[in-house]
Amino acid sequence: MNILLFSNYSIGCVPYYVTRALIKMGHNVSAFSPDYDQEGWKHCNVNIDVNDLVKKSFDKVDLLLFVEASTGTKFFPAGLQYVPVPTVWWGIDNHLNYRWHKEYANLFDVAFFTQKEYLIKARKYGTKNILWLPLACDEEIHRDRNLKRIYDVSFVGNLTKSRKKFFQGISMPINLVSGAYLEELGWIYSQSKIVLNICAREELNMRFFEAMCAGALLITQKIDAGVNDLFQAGKHFVFHNISDASKVVKYYLENDDERIKIAEEGKREVLARHTYIKRMEEMLFQIPSKEEILDLRRLKFSSYKVFVQESLVYRHRSFKLMEKARKSMAEAFKKNRILPVFYTIRFGFYRLIERIEKLFIKNF
């Protein structure tokens, strides 16, 4: 399959692993980003018309795949409506960007969310073309290197104020590392007995899969997020409840056999079911035929709704494309003079609910 991949690339991000997985699977991938032009990635403009690249790339393009990265430019390619092949989007940070993710997903033929609870919320909101595709590990980069585990406990990630306070409450030394990615991250996990996980907003994050792949015992903040659909607590990993993290960590440091057994079970499970190759196999399996997709797309763009959704994304503070937002809303009113108003009011109502719900989520 010939695939054009687009992303606001950043080091150690999901699109990097996706590209590796697709190439290992035998697909031809041409990757574009407004933020990066190394290691096979090609630079493009933030608002590039993807139809131009379809014409200039492979003799035949089979798929346009868009994968969100957690940082960098907010990438908004143009021309999705007119691409003669399926368009797919994988939204990574639903827990941070749900406000516009639930609208943006509609601009693609098929969309995937990493976070199950936000998928459920988006479907209730009315976003129908989305499926759950959790994060994963890279079986080579995050592998167990069979090194001496010189660190009792490690954490690799951004050290926010809340996280620093949390780690200060753990009554033992912790190997805290910021700015480690790819191979360096894999080496740290391979030298750690335990990886202590804390989530930004109770999400199922990359660290969850990467730590287990390296053979460390994952002790993670207790969350829902679809974890129990993928793993079994006590068999593949261990939960902590924030307040008892120190006690849980101490127990598994004092019980080596139990720690090693759970870590090995976790490693086997992620390697069998939760690599990026497995995720890409699932993604490609879920994409309908080209003919079916193009029929559905024509139907969708004949309605006012997709143009309202486009307008709401354009005007979000991540993009601030106000002129495009006005044009999209004007197109929506051409198709229906009343319903765009009701959709916008409904959007505001759900936005209020989202703000209230955020008050009950612990941010780290």
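A residue is called buried when its relative accessible area is under 20%, exposed when that area is over 50%, and partly exposed in between. The legends below use these words for a predicted model.

**View 1. A salt bridge joins arginine 145 and glutamate 183.** Side chains of opposite charge can pair when their charged atoms come close. Here the side chains of arginine 145 and glutamate 183 meet with a distance of 2.5 Å from N to O. The two partners belong to distant parts of the chain, 38 residues apart, since arginine 145 sits in the loop between strand S7 (130-132) and strand S8 (151-156), while glutamate 183 belongs to helix H6 (residues 182-190). Arginine 145 has a relative accessibility of 11% and therefore counts as buried, whereas glutamate 183, with a relative accessible area of 38%, is partly exposed.

**View 2. Aspartate 152 and lysine 193 form a salt bridge between two strands.** The side chains of this pair meet at 3.2 Å, again given from N to O. Aspartate 152 lies in strand S8 and lysine 193 in strand S10 (residues 192-197), so that the pair, 41 residues apart, links distant parts of the chain.

**View 3. Charged residues form a network in one place and a patch in another.** Arg20, Lys24, Asp138, Glu139 and Glu140 are linked to one another in a network of salt bridges, and the structure as a whole holds 22 salt bridges. A patch of positive charge on the surface is formed by Arg317, Lys320, Arg355 and Lys358; of these residues, arginine 355 is placed in helix H15 (residues 339-358).

**View 4. Tyrosine 9 is a buried residue in a loop.** This loop runs between strand S1 (2-6) and helix H1 (14-24). Tyrosine 9 has a relative accessible area of 4% and so counts as buried. When residues up to four places away in sequence are not counted, tyrosine 9 touches Tyr16, Ser33, Asp35, Tyr36, Glu39, Trp41 and Ala69. The C-alpha atoms of tyrosine 9 and valine 67 are separated by 8.9 Å, although these two residues are 58 residues apart along the chain.

**View 5. Threonine 114 is buried in the loop between strand S6 (110-113) and helix H4 (116-125).** The relative accessible area of threonine 114 is 1%. Leaving out residues up to four places away in sequence, threonine 114 touches Trp90, Gly91, Ile92, Asn94, Trp132, Leu133, Pro134 and Leu135.

**View 6. The buried residues of helix H6 pack against other helices and strands.** In H6, the buried residues are Leu182, Leu185, Gly186, Ile188, Tyr189 and Ser190. The elements against which these buried residues pack are H1, S8, strand S9 (175-177), S10 and helix H7 (206-213).

How values were computed: Residues are numbered from 1 along each chain as its sequence is written. This is a predicted model: local features need pLDDT of at least 70, side-chain atom pairs count only at pLDDT 80 or more; totals for chains, interfaces and linings use all residues. Side-chain values use heavy atoms; hydrogens and water are left out. Patches are made of residues with over 30% relative accessible area and no salt bridge: like charges are joined within 9 Å, nonpolar side chains (Val, Leu, Ile, Met, Phe, Trp, Tyr) within 5 Å. Accessible areas come from the Shrake-Rupley method with a 1.4 Å probe; for residues, only the protein chains shown count as cover. A salt bridge is a side-chain nitrogen of Lys or Arg within 4 Å of a carboxyl oxygen of Asp or Glu. Lys and Arg count as positive and Asp and Glu as negative; His and the chain ends are not counted. The place of a charge is taken as NZ of Lys, CZ of Arg, CG of Asp or CD of Glu. Helices (H or I, at least four residues) and strands (E, at least two) are DSSP runs, numbered from the N terminus. Buried means under 20% relative accessible area, exposed over 50%, partly exposed in between (1.4 Å probe, protein chains only). Contact means heavy atoms within 4.5 Å.
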